Amino acid sequence: YQEGEAMHRKRAVLVILLHFLETYKGILQEEEKAGKVIKDLYLLIMKDSSLYQKLEEEILKLHQLVETVELKVTEESHPPSKQVKPLFRHFRRIDSCLQTRVAFRGSDEIFCRVYMPDHSYVTIRSRLSASVQDILSSVTEKLQYSDEQPSREEALILVSVASSGEKSVLQPNEECVFTTLGINSHLFACTKESFPSLVPLPDEIQVSPGDTEIHRVEAEDVANHLTAFHWELFRCVHELEFVDYVFHGERGRRETANLELLLQRCSEVQHWVATEVLLCESLGKRAHLLKKFIKIAAVCKQNQDMLTFYAVVIGLNNAPVSRLRLTWEDPCRNHKSYREVLSRMKPPIIPFVPLILKDLTFLHEASKTLVDGLVNVEKLHSVAEKVRTIRKCRSRPLCLEMESSPQQLQTKAYVRQFQVIDNQNLLFELSHKLESNNQ
């Protein structure tokens, strides 16, 4: 190439690399292999720096960015300087739930409970991305100083136990297991012999008559606090988490903690709707509660919070709720297309995240990433376009005017720490108790 053309091409490469580093330097700080690639590129560029002095400004900026990434890794190698965070939902403390949510990283240290077969537990401090083997090592170390240390020297296994009783043995090399647990699932450490005797923890919700908090608060207040909380969670999700979630499969995900937590919350809202309706024994109050949930959904849609809107609608369509024919007097359905509604909205928007993941999954599975050894650029352009819609949704800040009264604070705490029943069998039992088939 002639000198001018070569410099033009090198400047184009530098611009792309600088933009990539500026956008994703937080992720690169966690990924050793990606950091090595950037460093190799940096060394090659520095070799050319004497030949292309007109690129001095771009090269200086590149040097500063690479130095920032490397310094950050060095700083994070000292665990005592890190703040230990209680993981989403694991500790239902008022002071914790009212704090503004911040993004979780794989290197963050958290507190988490691991239960024994007799439902006693140990509290461990662990990295969010810790492997099952690391977690078991921490549990074993804790048990050495406990009166409940097992006398036998059998190896422990880590098991996820759902509220329905479903059990899943986690493999030693699995990572990031904390954020993949179900709503009311818990981690159990046990031996292979005690595995069959594992039973879920007693229900956290006492199934008893009486009005819950939802009956005492205004629908608008609940909807606004839901939108504010879900905006916090949505803002924590990095764009790359959507791609990683779809492209790397269930066992290969590394940096999707914030997306996993948002999806869990979406499921939690669905079960919250069903739980509140089915715990309401009075037919009149139950019908009133359905109207309140419909109003909550309507206000959330007005707030452009489509995540909560659809979560509430799906909760109302849950089979144990939808079968209550005496309760449903006037079904409220919105037949307009979600995509058409979304296209008319301007940011800030909280989209229905499961649909984005469904679209990305379709794009990923419909065509290969490599065709005859070449990158399928058309596919990656389509993926990038879908990711840009996420960026557009968050291009403006959310501004909701809410009072700071004690009552509003109580509503905020209620919204941020739902206690729900996610056992579908139990929900059906409650439903049939309210309205049997012959009714």
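Modeller: Pro-348 lies in the loop between helix H13 (338-343) and helix H14 (353-366), where helices are DSSP runs (H or I) of at least four residues and strands are runs (E) of at least two, numbered from the N terminus. The peptide bond from Pro-347 to Pro-348 is cis, with omega near 10 degrees. This is a predicted model, in which local features need pLDDT of at least 70. Residues are numbered from 1 along each chain as its sequence is written.

Biologist: Why is Cys-176 called buried?

Modeller: Buried means under 20% relative accessible area, exposed over 50% and partly exposed in between, with a 1.4 Å probe and protein chains only. Cys-176 has 11% relative accessibility and therefore counts as buried. This residue, in the loop between strand E5 (167-170) and strand E6 (186-190), has a positive phi of about 55 degrees although it is not a glycine.

Biologist: What makes His-119 partly exposed?

Modeller: Its relative accessible area is 25%, so His-119 is partly exposed. His-119, too, is not a glycine, yet has a positive phi of about 75 degrees.

Biologist: Why are H10 and H11 called roughly antiparallel?

Modeller: Helix H10 (residues 283-302) and helix H11 (residues 306-316) pack at an angle of about 155 degrees, with their axes 7 Å apart. Angles over 145 degrees count as roughly antiparallel, under 35 as roughly parallel, 65 to 115 as roughly perpendicular and the rest as oblique. H10 is therefore roughly antiparallel to H11.

Methods:
This is a predicted model: local features need pLDDT of at least 70, side-chain atom pairs count only at pLDDT 80 or more; totals for chains, interfaces and linings use all residues. Side-chain values use heavy atoms; hydrogens and water are left out. Axes are lines fitted to C-alpha atoms, for helices over the stretch in contact, and angles run from 0 to 180 degrees between N-to-C directions.
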